[in-house]
Structure formats: structure tokens, C-alpha cells
Amino acid sequence: MALAVGLAFFLEYIDNTIKLPDEVTGILKIPYLGPVPAIAAVAAARFIYLAGESPMHLRSVLKDTPLWDALLEVLASGGLVVGVAGSAAALCDPMVDPRGGAFTLGLGLVPNLALVTEAESWSPERRHRTRELANTALAVLRTGDALVRSATGWESVGDVELHGELPVT
């Protein structure tokens, strides 16, 4: 019993994670602004617009967070979530890694669809390699193109290049 208590104290002693607001200001020497009230505002929104060029970054900062849960609440309550450029790609699963055209895990909001966005900036070889690697529906979008999913199905805007069948809504 004493060994277990001693081990618990030892583990607490070597644990250097930040747990309290006072530790943020004391250890990191930065102000603590409090909890993020924006998450409740996001969950109550009817329209969310995600913009950004890096799907890898968006996925890493949203995955398994309260903010991601708030976005899902928007959809569950009949709201609209829109992603443009790399942000749109991050909402899909799989997600195209724009650095080389390979596939990786996306956020999964739109399963069984991958997007190549801003395709005009991709070399023909990279687009070809991505199409060859695709084991799911793939939409190639240039700037100004759009793929819109609604309760009634999909609508293409512009010159969307589709490979495979779009997932059923």
C-alpha cells in the first residue's frame, strides 16, 4: 500500500503537464484569457464558413476538439457548414495531402470523397498520380469550381472533373 501511495506521489511529481489557469500564467508567463466562449456561439450558429489553404493544418487543429463537436451540432440542427479550398478537402475522408497528392485521413464529414482543390496549381503528373492512387470518388476542382451537397443530392458548379461515383447523401 505504501508503495502504491509513493508511486502515485512520484508520478504526480514528474508530471509536467499544465492543468490549471494559474500554471499558464506562472510557467508560460502569458495571460490566461479564460475558456473560449466562441464554442457555444459556433454550436448555435446556422452557417459556418471555413477558409484556409492547408487541409493538414485544419484537420490537426479541429480533430477531436470541442470546436469540431460544435460544427457537428450545427449540421445536426439543420445548419450549413461550408469549406473552401483546402478547408473543403479537410472535411472529406480520405483527404488529399496537397504537398504530394497522396491520401491521408480527413475529418470525415463527407466520407468516400476526396478533393483536389486549386487543381490549376498542380502539375499534370501530380494530378495523374493522385487519380491513380484514388480508391474512392475524387473531384478535381479549379479555383471557381464548386461541388455542393444538399439534402437532394450533389450539384457541380464550373468545370468539376469527377472520377468515380459521388457518395450518396
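Which helices and strands each supply at least two residues of the lining of the largest pocket? They are β2 (80-83), α6 (86-91), β7 (113-116) and β9 (146-150), where helices (H or I, at least four residues) and strands (E, at least two) are DSSP runs numbered from the N terminus. The model is predicted, so that local features need pLDDT of at least 70 and side-chain atom pairs count only at pLDDT 80 or more, while totals for chains, interfaces and linings use all residues. Residues are numbered from 1 along each chain as its sequence is written, and side-chain values use heavy atoms, with hydrogens and water left out.

**Largest pocket**
- About 730 Å³ of space lies in the largest pocket.
- Among the 29 residues that line the largest pocket, V82, G83, A88, L147 and V148 are the closest to its centre.
- Strand β9 gives the largest share of this lining, with 5 residues.

**R126**
- R126, in helix α7 (residues 124-133), is buried (under 20% relative accessible area, 1.4 Å probe, protein chains only).
- Beyond its neighbours within four places in sequence, R126 is in contact (heavy atoms within 4.5 Å) with P98, R99, G100, G101 and S121.

**C92**
- C92 belongs to strand β3 (residues 92-93) and counts as buried because its relative accessibility is 3%.
- C92 and P111 lie 19 residues apart in sequence and 5.7 Å apart in space, C-alpha to C-alpha.

Technical notes. Buried means under 20% relative accessible area, exposed over 50%, partly exposed in between (1.4 Å probe, protein chains only). Lys and Arg count as positive and Asp and Glu as negative; His and the chain ends are not counted. A salt bridge is a side-chain nitrogen of Lys or Arg within 4 Å of a carboxyl oxygen of Asp or Glu. On a 1 Å grid over the protein atoms alone, a cavity is a set of points where a 1.4 Å probe fits but cannot get out, and a pocket is an open set with protein on both sides within 12 Å along at least five of seven lines; lining residues have an atom within 4 Å of a point. Grid points are joined across faces, edges and corners, and a volume is the space filled by probe spheres set on the points.
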